[in-house]
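Student: Hey, can you walk me through this one? I'd like to know how the pieces sit against each other.

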Amino acid sequence: MTRDEFESHLVPLVERLAAALRAPEFDPAPAAEVGAALVKAHCTDPETLPLILGAVDAHLLAYCPPGDGVRTPEEARARCAGLQHAVAAGFAGALRERTLAEQEALSRAALAAQAETERALHTSEARFRAVFEGAAIGVGIADVEGRIMDVNDALTQMFGSLAHEVTGRNVGEMVHPDDAPGIWGLYRELVRGDRDFYRIEKPYYRSDGSVLWTDLTVSLLRDAHGRPQYQLALMEDITERRLLHERLRYEATHDALTGLPNRTLFFEALDRALDTAGGGPARFGLCYLDLDGFKAVNDSLGHAVGDRLLVAVADRLRSCVTAPEQLVARLGGDEFVALLTGPSAPSDATALARRMLAALAEPVRLEGRDLSVRASIGIVDGAAGGRDAAEVLRSADITMYRAKAAGGNRYELADADCDARAIARHSLTNGLPAALENGEFFIEYQPLVRLTDGSVRGAEALVRWLHPVHGVLGPDQFIPLAESTGLIVPLGRWVLEEAARQARAWRSEGKCRAPMRVNVNLSPSQLRYPSLVAETVAVLENAGLPPSALCLEVTENALIGADEEELRPLRQLADMGVDIALDDFGTGYSNLSYLRRLPVSTLKLDRSFTRGMQCSPADPVDVKIVEGIVSLAHTLDLSVTVEGVETGTQAEHLRGLGCDTAQGWYYARPGPPERLCASASADASP
């Protein structure tokens, strides 16, 4: 084939690779067909495949840039690598099929020659020698004692020796440390006549000390009486293919960016560490590391700087490994993991975590600036067995997030109770959407009592979850989960609608002394919800309630520090006549001067300020604090409600200090709506 003919054959193949690279949905199959086409074109010299792969790696992206379907350079490089792998796999598969065909033809010819020998020795010998000498694969003949009697030129070239250096040797001497388990057992079965052939990949030492990998097929030749007489070995040199396989295996099990073992290799090692039945180590330790604030680096400095930072982090973590049984891998993103095995693995894991944090303490200098690196580490250790890899990694992940929650740049040890609580929280979080859809939430009401005359002024709506497994759950068990998932907005809307409907029912029934006001809690997410005002107005109109029948409670921490834009929805509602209460007052910054600009009409004093008044004599410090807050609130024309009133003595103290309303178990526990108007407020008066 001339150069022009060869180039005209290659151009369509390159176009197929370019088309696969640009395809919207990446499919490496055309690249495998390209590899097979190269074999069909007889491009099978040992140096051919590495040269082709090198050309693809160096020039495909440069001369055939990907289209719009490829979003990032990293994706383009991954596609290019995938195409190389597919070309190599298709090449190797086609070459193997051709070689197997040659082997099969040669084996048939050898057996035919043996049979012909019995009929016409001279003719069969000539035919066999022709096949023997002309074969492209190595052929050797030995007796059943293992003495090598004859080899062809192809085999001597494989070993880099002369024929007389191979003949005369014994097969049993050709042992290699990487021999597959059981290979010599197969050999002994063959020479005994218990099997007719075996096939296996076997390494040999060449005369220069290098390693020759072969695809070896050994067949037993019997005499006319069926007794073992000779063994015929057919060898294909698969050294290049083996090296290619090892390269592909390395790329499949190592992170392209950092060179560290990747998720695949890590899980293989973790499965071995946990497999006590397979003779794995008795104990293990695992450190799960996640960088603190890495997203800010990518967002502010770009992903290129982020990648260089990850490489620097990987180098430092790699330097922390001090023993062969310790493995550091990158799971993806900014997550790294270290695995230790052996009797001292639990204590070694803690020591390794300390070394990792110390190694990351020094800033990394990139782009002319020093970047500080902080990390949170979760440590899981213990005896192998009883837990699978997914459970161990989940525990490490939960523990790592505990370290983040504790401030980061530290490590935490796994705790079964903490894991169970985190799993339970996750289960509750997953069940929230269905719970709202299935009507598992209900509302209890706790009366708000006017301290001057003991009458019921209103009620606070408190949502509960009737969980099908855990029973009734209080808001502290699921409201933070709803807040974190965004479900708090539809849940809060449902609570507001139900509370407004109930307030309308109280007014319609006329069983209460005075029109009842209902208090509904608003979360920070609801405050930021754009349709808060419109939906609140719609709820009031649909229920037929005046705005004064509703009080929205907002925690102090949600309002203190809010700017005018954030306060605008509350100010609009307050201007309409909706009361706004500052809940849990005193638990935040308690910046009293800030109250002047907040659109609130009520302060709900946190129970921590009044516990000292439950008995006589009252705590003088608590008395002075409450007295000062009440005085300031009244000066600002704000009413004061006290939470957590539990005794008559406490209620008497609060009445004497000028508090306006109170709620707590002394008056009534939260309960169903029909019980509210039946609360004998007069009897509750001390």
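Tutor: Helices (H or I, at least four residues) and strands (E, at least two) are DSSP runs, numbered from the N terminus. This is a predicted model, where local features need pLDDT of at least 70, side-chain atom pairs count only at pLDDT 80 or more, and totals for chains, interfaces and linings use all residues. Residues are numbered from 1 along each chain as its sequence is written, and side-chain values use heavy atoms, with hydrogens and water left out.

Student: Which sheet order do they belong to?

Tutor: The order is β7-β8-β6-β11-β12, an open sheet of five strands with mixed pairing. At its edges are β7 (326-332) and β12 (410-413), each pairing on one side only. From one strand to the next, the twist averages 20°.

Student: Which helices lie across it?

Tutor: Helix α12 (residues 303-319) lies across β6, β7 and β8, at about 15° to β8. Helix α14 (residues 389-405) lies across β6, β7, β11 (375-383) and β12, and runs at about 140° to β11. Axes here are lines fitted to C-alpha atoms, for helices over the stretch in contact, and angles run from 0 to 180 degrees between N-to-C directions. Contact means heavy atoms within 4.5 Å.

Student: Switching topic: what domains does the chain have?

Tutor: The assignment gives domain 1 (3-105), domain 2 (135-243), domain 3 (256-414) and domain 4 (428-678). Those bounds come from an automatic or database domain assignment. The centres of domain 1 and domain 3, taken over C-alpha atoms, are 36 Å apart.

Student: And what about the sheet with β1 in it?

Tutor: That's an open sheet of five strands, β2-β1-β5-β4-β3, with antiparallel pairing. β2 (148-151) and β3 (197-205) are at the edges with a single partner strand each, so one side of each has no neighbour in the sheet. Direction ignored, neighbouring strands are turned by 25° against each other on average.

Student: How many bridges join β1 to β5?

Tutor: Six, between β1 (residues 138-143) and β5 (residues 228-237), which run antiparallel. Gly138 stands opposite Met235 in β5.

Student: What lies across that sheet?

Tutor: Helix α8 (residues 183-192) lies across β3, β4 (211-222) and β5, at about 130° to β3. Helix α9 (residues 239-253) lies across β3, β4 and β5 too, running at about 125° to β4.

Student: How do α9 and α10 cross?

Tutor: The axes of α9 and helix α10 (residues 263-274) come within 6 Å and cross at roughly 90°. That makes α9 roughly perpendicular to α10; the cut-offs are under 35 degrees for roughly parallel, over 145 for roughly antiparallel, 65 to 115 for roughly perpendicular and oblique for the rest. Arg249, Ala252 and Thr253 in α9 meet Thr264, Leu265 and Glu268 in α10.

Student: Last one: are α17 and α19 roughly parallel or roughly perpendicular?

Tutor: The axes of helix α17 (residues 488-509) and helix α19 (residues 532-543) cross at roughly 30° and come within 9 Å, which makes α17 roughly parallel to α19. On the α17 side, the contact includes Arg493 and Leu496, and on the α19 side it includes Glu535 and Val539.

Terms used
Pairing = 2+ DSSP bridges.
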